[in-house]
Amino acid sequence: MSNTSNTSKEKKPMTLSTKILIGLFIGIAVGLFFGEYCEHLGIFGDAFIGLLQMTVLPYIVFSLIVNIGRLSLEEGRKLIINGIRCLALLLVIGIGVVLILPFAFPEWKSANFFSTSFITPPPEIDFLKLYIPSNPFFSLAESKVPAVVLFSILVGIGVMQINGKDKDVLLNSLDAFNKALNQVNKLVVKLTPAGVFAIAASTAGTMTLDELGKMQAYLLTYIVAVSIMVFWVLPMLISACTPFKYKDIFKYTKATLITIFATGKIIVVLPQLIEDLKELYREYDLGNDENNAGTDILMPLAYPFPNLGTLVIFVFVPFAAWFVGNEITLKDYPMFVGATLLSSFVAPVTGIPFMLDILKIPKDMFQLFVVSTVFTDRVRVVLGAMHLITLTILTLGTSHGFFKIKKRKISMLITVSVGLFIGTLIPLRYFLAYSLKDVYQNDKVIANMQLVHQLVPFKVLPEASPNPVPLEEGEGILDRIKKRGILRVGFYEDEIPFSYFNAKGELVGFGIDMAHELGSVLDAEIEFVPITVGNMPEELKNDNFDIVMSDIFMSSQYSAELAFSKPYIDVTMALVVGDQADQFKTFDKTAALDSFNIGYFERSDVAEKFLKYFPNAKAVRLDTVDEFFDNQPDSVPLSGLLTSAERGAALTLLHPEFQIANPLPYSITLPLAYPVGNNDENMANFVSDWIEVNRKDGTIQRFYDYWILGEDPTSTEKHWSVIRNVLHWVD
């Protein structure tokens, strides 16, 4: 009696999934408590992932060769045909989800700082290297999974043609080696709780929530969709078409799914996922050689193909279009659907830029996507794993006779799925409309930007006037600056972000920061002199200022009139147009317009360069940039403002209902340089040398990052943590 009692009181050993969950939650708690001090734990997490990865590709290679080699041609053909049918079904479901998710996005307007992606060509996808194993060892070394899978399939088909003892010896040897790899994988899997702890602590301690407010529409919508797909649609689809119960699907796969969530990778536990399905088959007396071999083939075979996790992540594209205030139109959806299916064959970091490019969505949105992957990669791969589980089970069911549709469950699946999406997306739309009403802050950001360096005393003169100390005979500008101790700098008052007055009435901008750097080198105070619009060359010749430090395009015409320094940066010609002005997104569409008007500020030579490509267009000179946004003449309505993309992006921050576009057949770059007074070559050479020094020491790049890209080089904001922000144990 006593022995029986003791036995009943013995605790069951803790399951692996429970250990993994404990490691995950403790890791998150430690990361939030210690913050960035947990960053170095990422090394241990990376080591754990590396250990998981080391057996995966060899396992895929030998598993496919062995199991395809043992198939007959008829069996292989049936598996592949049924697999394609099931994959098509799942992709149709995924496309449907991607198309309905944007209904959760409420109306709003937005704009972003300039991004170099505006002029960067989209990354080229080398499909030959990705899918063709011209050098199988290179494909293995570079983890080109599609090429590795194709190589293994072809070798398997080759083995299939061999008859006799040689085939059995080869297959038995490879099978034995694969079993050894599987044992190694199982040993590594025992380290999963510790590896998950390290990954969770490092991620929770170093992730930033700065962009979360902007991305919450995308993140919440995607997480809602993934949750419905993972916990209802796919397992219920399996249950409605096979003997497997809903609860048993998770009973045998939950530990692996948790590991996938923690590591953010499917492939590292692909062998374990295969073993989970084999255990599920055994529970239902379906664990025969036929189903086991089919799983060994289908799971690695399906991995390189699109999965629902990768497909649904492309909802970021309509989100990006919505985010910049230029939603995808109905006529764009066929191209969007087709391109999404093709792009889902590659990693999202490759496919998303391609999609943004073909739909003419500002490429700087890709930066938001990269930030969002900290959150989305974890859930994306869980949906991808559930996709592989569903595809494998349904394909085997249709091939081996245990696929049977249960009409009542199918009806319940459809009804509840529709109800779940409607019941979550509509409230989510209202919630986002409320929470995002005050999210847009970029207009306030640029209006409140401060100088990075205020190095010398200065004053801003109220109007243009000649230098009170004229140049003496034979005297150069540098000589006068050193004698007076004053550098006179000409500037335009509204050349945002190069020279403008911020919300506090302070003169700021890229050029103003550079002026302080120049004044510091010359050991001189600065007098900032406003330029009279339309009179810059004349005022420079009249000795109103020693140098102009707004954004002045260097051109052949200006170079003949004025002395210039060497260029300090290059900018790209662009138009500022309305968010809905799709006709200016491509050269062909713009060139097809019967007529249109563009406004320009100051530079007629730059406008003429633009008009060479569009003879039906007309250029209208503006006295101020505000005329384009606020006071356009009724007689000559303007379709766009010709400027640089760098400046145009800054203007859209203040006017988020506008965007920058490049309708030209290619990118035209224009150099920005500083014109100097009195055609003083000595001064121009000095400034050119000074520019080179500032380029080499990173000063120009630092100012470019801050004023053009919106990255604050002085920010010392720490990651949030309990020990810093709650307990105040550290600064």
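Predicted model: local features only at pLDDT ≥ 70, side-chain atom pairs only at ≥ 80, totals over all residues.
**View 1. S688 and the residues it touches.** Leaving aside residues up to four places away in sequence, S688 touches S565 and K566. S688 sits in helix α30, which covers residues 681–696. With a relative accessible area of 12%, S688 is buried, because buried means under 20%. Look for Y568 in this view too: Y568 and S688 are 120 residues apart in sequence, but their C-alpha atoms are 8.4 Å apart in space.

**View 2. The whole chain, for orientation.** Before going further, here is some background to keep at hand. The chain holds 32 helices and 15 strands. Of its 731 residues, 53% are buried. Take the contacts between residues at least 6 apart in sequence: 80% of them join residues at least 24 apart. The chain exposes about 32,800 Å², and carbon and sulfur atoms supply 59% of that area.

**View 3. K167, a buried lysine without a salt bridge.** K167 belongs to helix α9, made of residues 165–189. The lysine is buried, yet K167 has no salt bridge. How far away is the nearest side chain of opposite charge? That side chain is D168, at 6.6 Å, whereas a salt bridge has to be within 4 Å. Around K167 you will find G69, V159, M160 and I162, which K167 touches when residues up to four places away in sequence are not counted.

**View 4. Helix α10, mostly covered.** Helix α10 runs over residues 192–206. Of its 15 residues, 11 are buried. Those buried residues are T192, P193, G195, V196, A198, I199, A200, A201, S202, A204 and G205. The length of α10 can be checked too: at 1.5 Å a residue, its 15 residues should span 21 Å, and the end C-alpha atoms are 21 Å apart, which agrees.

View 5. Eight side chains to look for here are L21, F25, I28, L32, W720, V726, L727 and W729, which make a nonpolar surface patch of about 790 Å². Which helix gives the largest share of the patch? Helix α2, residues 16–34, supplies 4 residues. Another member, L727, lies in the segment after α32 (722–726). At 33% relative accessibility, L727 counts as partly exposed.

View 6. Most residues other than glycine have a negative phi. H728 has a positive phi, near 55°, and is placed in the segment after α32. At 58% relative accessibility, H728 counts as exposed. D523 is not a glycine either, and its phi is positive at about 55°. You can find D523 in the loop between α23 (510–522) and β6 (525–530). D523 counts as exposed, with 70% relative accessibility.

**View 7. The cis peptide bond at P497.** Most peptide bonds are trans. The bond that joins I496 and P497 is cis, with omega at about 5°.

Note on methods
Residues numbered from 1 in each chain as written. Heavy atoms only, no water. Helix = DSSP H or I, 4+ residues; strand = E, 2+ residues; numbered from the N terminus. Buried < 20%, exposed > 50% of the residue type's maximum accessible area, 1.4 Å probe, protein only. Lys, Arg positive; Asp, Glu negative; His and termini not counted. Contact = heavy atoms within 4.5 Å. Patch = residues over 30% accessible without salt bridge, like charges linked within 9 Å, V, L, I, M, F, W, Y side chains within 5 Å. Areas by Shrake-Rupley, 256 points an atom, 1.4 Å probe, with all protein chains shown as cover. Expected span 1.5 Å × (residues − 1).
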